[in-house]
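Please read through the following model with its backbone geometry and helix packing in mind. The sequence and coordinates come first, and the explanation follows.

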Amino acid sequence: MTVQKAHLALTAASTLTIGDNMIDAFSYSCEGESHKAINKVGQDYSSSSIIDDLAVAIVCDGHGGDRYFRSNVGSELAVEATLEAVTFFVEKVGDSLFEGSKYTAVGPTSSIKDAEDLSKTDSAFRQLFSSIIYKWNEKIKAHAKSEPLTEWEKKNVPQQYLDEFLNSESYEKHYGCTLMTYVQTAKYWFAFHIGDGKCISFQKDPIWKEPIPWDEKCFLNETTSLCDSSPIDEFRYCYEGDGQFPIAVMLGSDGLDDSFGVTDKLANFYIQILKSLAKEGVDATKASLKEDLPKLSKIGSRDDMSVACVFDIDKVKENINLYIRYQIDSTNKELNDIEGKIDQLKNRIDSLVSFSDNKSKIEYNYAVKDLERAFETRKILAKKHNHLVEELPEGMVRPYFIEDEDYVIPTPDHQDIEEVIVDIPVTPEENSRSVSSLGEQANRKVASRAPAKKFGSQRIKRFGFKKPTLKMHNHKRRKK
Amino acid sequence: MSFIDETVSVPRRTMNLFFLIDTSGSMEGNKIGAVNDAIPNVLPLLKDIQETNPDAEIKVAALEFSSGVNWLYDEPKLAEDFIWQDVAAGGLTSLGQACKELESKLSMSHGYMTKSETGSGYYAPAIILLSDGGPTDDFQAGLKELKENNWFKKAIKIAIAIGDDADKDVLKDFTGSPEAVITVHNIEALKMIIRIVSVTSSQVGSKSSSAGDTSKQEQVIKDVQQAASQVDGAESASGVDSSKYIDDWG
């Protein structure tokens, strides 16, 4: 049996064949930027293991509040407890329990009022969760008894929580953490989760999904936890035993999904990891994660970050173009949305230009500003689209070209206006067609009050609110 | 290969600051004038907070309520872009309707903040309610609906009671805490408290917090009360029964 754990370090993953498939796993955790700033230890703990014919990935996220001052240890002990309980569970009941089962997902079981409503599988899962909670409690109790308060804790933890720790026989709160686990054998797979973070599976159709139901109690910085009064009722889970397996499953702590805002952006990031696995292999991928996750924490959530993954490398390679195609399609959808928004904004500007009331003037200015941002967004999306197209075999998908703009912002005819120059830089990177039609003067900046007909700028009239320089990319001047 | 390139976008989190402004007839004159003076002066400060915080962008939305309700703009605007439009007083006090309208914009399915079921991408909003009277519609029905909303539950909620005639019980009910209601008794205090509450809510609201930390609401209340104690003509609602101030609205 080989078990790899990762706490602020990379695992050395093993590989294993389950059936015809080569299954591999890795995990990595890094300390969050906000923790570094106050010299606080990271509270995430992740693990990936291949144990005989069993692959397991686990991510635990220790709570960050003062009361949970040993949650970094709590998350590590939760991983230990889970590995022990899962190994036993699989050995004793796994094959017979899941045989032939279709994909099934179960939300928090607190909604199940009557024990008679529980299926045999549900009851088995409750026993598993009960075992994990029991083992975790035993481990944190032993740790609390054997490890007296440290100097750092005495200095940094509020006295009320130290007193609570010293005068209690119950230590769940001090070690509180979330738990997310994915397990795969040759015949079935299952996953379970208490708390926040995200589990995403990748397959052919749909490309990605969240196999474990979400719990609405997990919202913003509020989460369910192993340290809650009745954690067994807060686990949610899923399983399948009909021979269908995900191609890859990614577990990520909330530090990751908080960085992306929406889940499809997180899935997009995971596809980047899958591409790296397919093209550069596991070691290079782990090296990139080690380099990039701290950077992501810095520009994203600033929280600890963990990712653990179980994957079928052959199927990842086989389907990687499908995943790139998904990234392109998603980008196309965003491009369509932004094109629609640009049209709306043009219509809005046109409709507002003839009104002279104060509100219309303000709305006009907003629309002009929003149009500028929409052009910028379109440029970024087009660049992303074209970057992704280059990752596919030549000719599979055509690059995205931004059409030349023939729209000229109409000039409002009001008395109380001041003039500003609108600068319209067009560079070769932005649009080759624009450059070819517009010539060398495209990058020329025009000073305020310069003749309006100079190329690359447009004089429009604005109202007396601000004097920003508007940059209207990819606009072609209309001859007057 | 790098995972952070042009194919991966990491957006800044957004904190929305909502002003709910009573524009009923009793606000006419210096009270509404003070509101129209104070909020535009706060906006540059919010822009400064945003610029010094690379993690968050602050957006502003304003809802006026009198006989009906009206958003100043269709959607929240970046603090740096927000242009205040003077509001005028007149009519009744439809606070219940304002609650329902706010609830619709905080809806997880069709409101302003719908990116993710987890709330990712946003900080909890800050909501500042200003009123000088009592609701003239079914406030409780509107508030009941609003209190079910996850964003409202997590929001920083502060109320400014403008003068002794403001219904403090209603404002306490809205904010969920008597300490979150600040009463002002004159024009200068009103302007100053609008500034203090807006800036404090934005500073606290646009920063990350951990599970189990003091709530942002508690932190804002503490900071606002401390600052308000230095303002002549302002006091927390808990001290209203023995107010040392007499209303003076010029």
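At what angle do H7(A) and helix H8 of chain A pack, and how many Å apart are their axes? In this predicted model, the angle between H7(A) and H8(A), the latter covering residues 313–352, is about 140°, and the axes lie 9 Å apart. Angles over 145 degrees would count as roughly antiparallel. H7(A) and H8(A) are therefore oblique to each other. Their crossing is left-handed.

The residues that make this contact can be listed from each side. H7(A) contributes Asp264(A), Asn268(A), Ile271(A), Leu274(A), Lys275(A), Leu277(A) and Ala278(A). Sorted by class, the contact of H7(A) with H8(A) holds nine nonpolar, three polar and three charged residues. An α-helix has 3.6 residues a turn, so residues three or four places apart point the same way.

In total, 47 residues of chain A are in contact with 30 residues of chain B. On the chain A side, the elements that give two or more residues are helix H6 (254–260), helix H7 (263–299) and helix H9 (358–389). The largest share, 13 residues, comes from H7(A). By class, the side of chain A that touches chain B divides into 15 nonpolar, 17 polar and 15 charged residues.

H2(A) runs over residues 71–98, and a straight helix of 28 residues would span 40 Å at 1.5 Å a residue. The end C-alpha atoms of H2(A) are only 33 Å apart. What is the bend of H2(A), and at which residue is it found? H2(A) bends by about 55° at Lys92(A). Just after H2(A), Gly100(A) has a positive phi of about 80°.

Most residues other than glycine have a negative phi, and most peptide bonds are trans. Asp205(A) and Pro206(A) are joined by a cis peptide bond, with omega about -5°. Pro206(A) sits in the loop between strand S9 (198–202) and strand S10 (208–209). Leu220(A) is a residue other than glycine with a positive phi, near 50°. Its place is in the loop between S10 and strand S11 (236–240) of chain A.

How values were computed
Residues numbered from 1 in each chain as written. Chains lettered and ligands numbered in written order. Predicted model: local features only at pLDDT ≥ 70, side-chain atom pairs only at ≥ 80, totals over all residues. Helix = DSSP H or I, 4+ residues; strand = E, 2+ residues; numbered from the N terminus. Expected span 1.5 Å × (residues − 1). Bend = angle between axes of the 7 residues up to and from the residue. Contact = placed C-beta atoms within 7 Å. Nonpolar A, V, L, I, M, F, W, Y, C, P; charged D, E, K, R; others polar. Axes fitted to C-alpha atoms, helices over the stretch in contact; angles between N-to-C directions. Parallel < 35°, antiparallel > 145°, perpendicular 65-115°, else oblique. Left-handed = near helix turned anticlockwise from the far one by under 90°.
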